[in-house]
Amino acid sequence: MANNIMTWIDKRFPLTSFVKHELTGYPTPRNLSYWWNFGFLAGIILMLQVATGIFLAMHYKADVGLSFDSIQHIMRDVNYGWLLRYMHATGASAFFFVIFVHMARTLYYGSFRAPRELLWWTGQGLLLMLMATAFMGYLLPWGQMSFWGATVITNLFRVTPFFGEQVVMWLRGDFTVGDATLTRFFSLHYLFPFLIIGGVIVHLVALHSVKSSNPSGIDLADKDNIPFHPYFTIKDLYGLGVFLMVYSVFVFFMPDSLIEPANNIPANPMMTPNHIVPEWYFLPFYAILRSVPNMVGGVLAMGLSVMMFAFMPFLDRSRIPGGAHYRPIYRLQYYLFLIDMLVLGYVGYMPPTSSTIVIVGQVATFCYFASFFVVPFISKAEERWLIKRGLPADIVALMEREKIDLDKRDSENLRRKGDK
Amino acid sequence: MEEVLNDGNRRNFLLKLTTVVGGAGVAATCVPFVASMNPSTDVLAKAVTEVDLSGIPPGGMHTVAWQGQPVFVLHRTPEEIAASTATNGVIDPEPDAKRVIKPEWLVVVGVCTHMGCVPNKEGPGWICHCHGSQYDDSGRVIRGPAPKNLAVPPYHFSSENKLVIGKA
Amino acid sequence: MSKLLKVVLLGCLSMQAVWASEAKLEKMSVATDKPSLARGAEDLMNDCHSCHSLKYINYRDLLSLGVDKQKVDGWRGDAPLDSPLMSQMSEADDMATFAKVPPDLSLMARARDGGSNYVYSYLIGYYTGPDGVTGNHIFPETKMPDPLGISGATDAAQRSGMQDTAKSIVSFLSWASDPHESDRIRLGYYVMGYLFVLTTLLYFLKKQIWSRLK
């Protein structure tokens with residue numbers, strides 16, 4: 001019976017061959033580490049956010065007079081409403097955490113390099129959409145942080161040349177963040193996840209065209225690829241189990257650690273809280289905004305700081321495979337960059353009242369951009385140095401087997417050093 | 001999926017156990033989502049309506065809202081009681097005594113059992129203007145197309161003059 | 001890769017240091033058992049409710065905590081059981097008396113940095129200065145008169161009695177700010193237990209499946 005149905009479908013739609021080609025039989029490098037689990041996790045969180053969001057929207061009211069009350073209605077009266085809301089709020093943070101790790105992995109192993117530039121750029125687009133969605137969702141509870149966060153972020157568009165004021169008014173539909181803003185943010189917050197799903201499909205098509213990268217940085221021969229199912233389905237599911245344990249600790253035991261106390265006060269357009277901070281995932285970028293003393297410069301710097309990652313395929317000129325794995329200087333630079341991000345996050349969290357914080361922020365902002373701009377020079381110098389010194393035997397063997405020449409002269413050089 | 005995962009002919013107990021445990025988890029996760037669509041506690045709090053009977057004279061009727069529906073509370077006169085107990089109804093026969101707790105108070109849900117319109121009090125009994133169904137002073141249908149008598153909600157008298165609808 | 005983990009952990013620790021800036025607050029442990037919460041509800045109705053509302057809590061909620069029905073009926077008067085705990089003062093009276101409307105207390109235990117500890121420290125933070133004027137250590141600009149009279153406490157026993165009252169009020173406020181907290185934690189233990197079993201199974205299944213490759 002089931003066979004007959006499948007035959008009937010397959011005559012009209014390539015279902016079996018699609019599943020076999022793209023899902024079960026999809027060839028995957030066998031040497032992927034657990035750092036390759038995070039793309040799958042991001043997909044699961046997207047589904048969780050959409051599901052909890054749809055059910056929350058059944059009880060939420062987008063109206064300045066009602067939205068704060070409707071959140072409390074969800075928290076107190078709706079059956080398991082507190083669970084759905086805490087899952088959704090925690091899910092936002094989990095989403096960014098997982099995406100940041102996913103990006104960090106790409107940067108560490110150089111997975112953004114040819115031929116995966118488009119894969120990396122579609123990911124960059126998804127990050128921007130995720131940020132927009134998270135920002136708009138944060139307004140919906142209509143607490144003090146929601147209101148003032150949205151006020152500050154919409155004000156960023158004031159730097160638009162010539163039409164600054166008009167653009168801000170257009171975004172808000174009001175003189176300040178108001179009822180019109182709340183309603184449109186709700187509408188778009190519901191729309192964007194579906195755009196993200198579309199973006200994810202494009203991201204996956206790009207992935208399946210160039211296939212997954214792997215820790216060695218060299219595309220492996222067929223015999224080193226294994227079918228996605230069952231090997232990576234089970235590996236991803238095991239990773240999911242571990243992730244859900246961490247997620248549940250936050251949802252059930254410390255959900256308030258991710259909600260600012262000031263957001264439990266209804267929005268008051270007449271009074272700004274003493275200390276307004278964005279959600280933790282925006283902190284480094286917020287610190288960059290504050291570190292530039294000029295308003296236009298600050299906004300541009302912040303925008304650029306998010307977009308810098310897109311330039312990595314051009315900036316990294318080294319042909320040594322495997323990213324930081326085989327490149328000690330790039331590795332050092334990578335860890336310094338992570339530390340710089342943490343410093344920026346810390347600066348973003350602290351009130352900008354002490355001059356030490358301001359100076360630390362400015363130095364960290366400089367380092368942030370500098371670490372991108374030095375990549376082309378350092379990567380090329382490092383490549384020359386590595387080739388002269390000779391690469392480790394295992395990578396040389398792999399490159400020879402896959403017939404990868406950095407270029408003719410260098411490869412001869414390589415082989416000679418490798419023989420020793 | 002089974003075939004690929006099963007190692008040769010050996011029955012894979014671990015795989016089956018994991019599938020069952022995982023499936024149970026997915027099913028349990030659906031519970032809060034489904035439950036969230038049920039009436040919330042503030043809605044359920046409206047499940048009970050209190051009615052003060054002291055303001056309803058004999059022969060008078062009050063319509064009160066219970067769970068969002070109209071409920072007719074009719075203070076019947078001795079004549080109306082006599083007329084109601086004399087018959088058992090026509091289409092859906094039922095003795096009047098089974099439809100009331102105290103004979104002078106008739107409490108029925110004011111929703112026509114045909115298509116859900118609200119009947120009007122006209123003369124003795126009610127007439128539904130949507131399709132012409134007629135009910136007597138016991139809320140029993142005496143002319144179609146309605147198939148059943150007006151429903152009697154659960155209720156009790158918490159004191160001499162206080163009626164609680166929603167809890168027997 | 002363990003290096004990365006260490007870096008992340010270090011970052012978390014430094015954030016912890018930021019949060020610890022509320023260290024000057026008096027610590028208290030919130031009671032969660034029903035008798036304590038019912039006592040807290042009574043203390044709150046006596047000491048706070050004449051000026052402060054709790055608009056997300058209704059009289060029926062107080063009954064569910066086990067507060068005496070007669071007391072609840074006394075507080076609510078003619079209001080139905082489902083009506084929220086609104087203060088007896090109108091906003092106009094509030095403005096005339098304090099020049100501001102006293103804040104709603106439903107979410108107070110979660111609406112300040114430091115949470116319950118903040119509210120507790122604030123309540124017991126009243127003192128009488130050398131000039132005879134009452135002040136507050138935690139919130140010097142407060143317009144609320146000392147509700148427990150702790151600034152006039154004469155001996156240690158009286159003071160510790162008032163601290164107990166403050167603790168019971170804060171415990172009630174903590175419950176009111178998230179009434180499902182105990183349900184949540186109980187469900188959390190079951191979920192964690194389940195996930196532990198499932199993840200263990202998945203781990204061994206993963207090992208079994210991957211062992212075929214070697």
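Asp316(A) and Arg113(A) pair up in a salt bridge, with their closest N and O atoms 3.9 Å apart. Here a salt bridge is a side-chain nitrogen of Lys or Arg within 4 Å of a carboxyl oxygen of Asp or Glu. This is a predicted model, where local features need pLDDT of at least 70 and side-chain atom pairs count only at pLDDT 80 or more, while totals for chains, interfaces and linings use all residues. Residues are numbered from 1 along each chain as its sequence is written, chains are lettered from A and ligands numbered from 1 in the order in which they are written, and side-chain values use heavy atoms, leaving out hydrogens and water.

**Inside chain A**

Chain A splits into domain 1 (24–265) and domain 2 (316–415), with bounds that come from an automatic or database domain assignment. Their contact takes 18 residues from domain 1 of chain A and 22 residues from domain 2 of chain A, contact meaning heavy atoms within 4.5 Å. The C-alpha centres of these two domains lie 28 Å apart.

About 1,400 Å² is buried between domain 1 and domain 2 of chain A, and carbon and sulfur atoms give 57% of that. Buried area is the accessible area (1.4 Å probe) that two parts lose on being put together, summed over both. On the domain 1 side of chain A, Tyr108(A), Arg113(A) and Ile218(A) lose the most area to domain 2, together 49% of what that side buries. The count between these domains is one salt bridge.

**Where chain A meets chain C**

Here, 45 residues of chain A are in contact with 42 residues of chain C. The two chains bury about 4,100 Å² between them, 73% of it on carbon and sulfur atoms. The count between chain A and chain C is two salt bridges. One of them joins Asp256(A) to Arg110(C), with the closest N and O atoms 2.1 Å apart. On the chain A side, the largest share, 16 residues, comes from α10(A); helices here are DSSP runs (H or I, at least four residues; strands are E, at least two), numbered from the N terminus.

**A salt-bridge network**

Asp256(A), Arg110(C), Asp178(C), Glu181(C) and Arg184(C) are linked in a network of salt bridges. Some salt bridges that involve chain C are set out below.

| Pair | Closest N to O distance |
|---|---|
| Asp256(A) and Arg110(C) | 2.1 Å |
| Arg110(C) and Asp178(C) | 3.8 Å |
| Lys71(C) and Glu42(C) | 3.0 Å |

Arg110(C) sits in the loop between α5 (91–98) and α6 (115–123) of chain C, and Asp178(C) in the loop between α7 (156–177) and α8 (181–211), so their pair ties together parts 68 residues apart in sequence. Arg110(C) is buried at 13% relative accessible area, and Asp178(C) is buried too, at 2%. Buried means under 20% relative accessible area, exposed over 50%, and partly exposed in between (1.4 Å probe, protein chains only).

Arg184(C) and Glu181(C) both lie in helix α8 of chain C, three residues apart, or about one turn of the helix. Arg184(C) is buried at 2% relative accessibility, whereas Glu181(C) is partly exposed at 23%.

The pair of Lys71(C) and Glu42(C) links helix α4 (residues 69–76) with helix α2 (residues 34–47) of chain C, 29 residues apart. Lys71(C) is partly exposed at 37%, and Glu42(C) is partly exposed at 21%.
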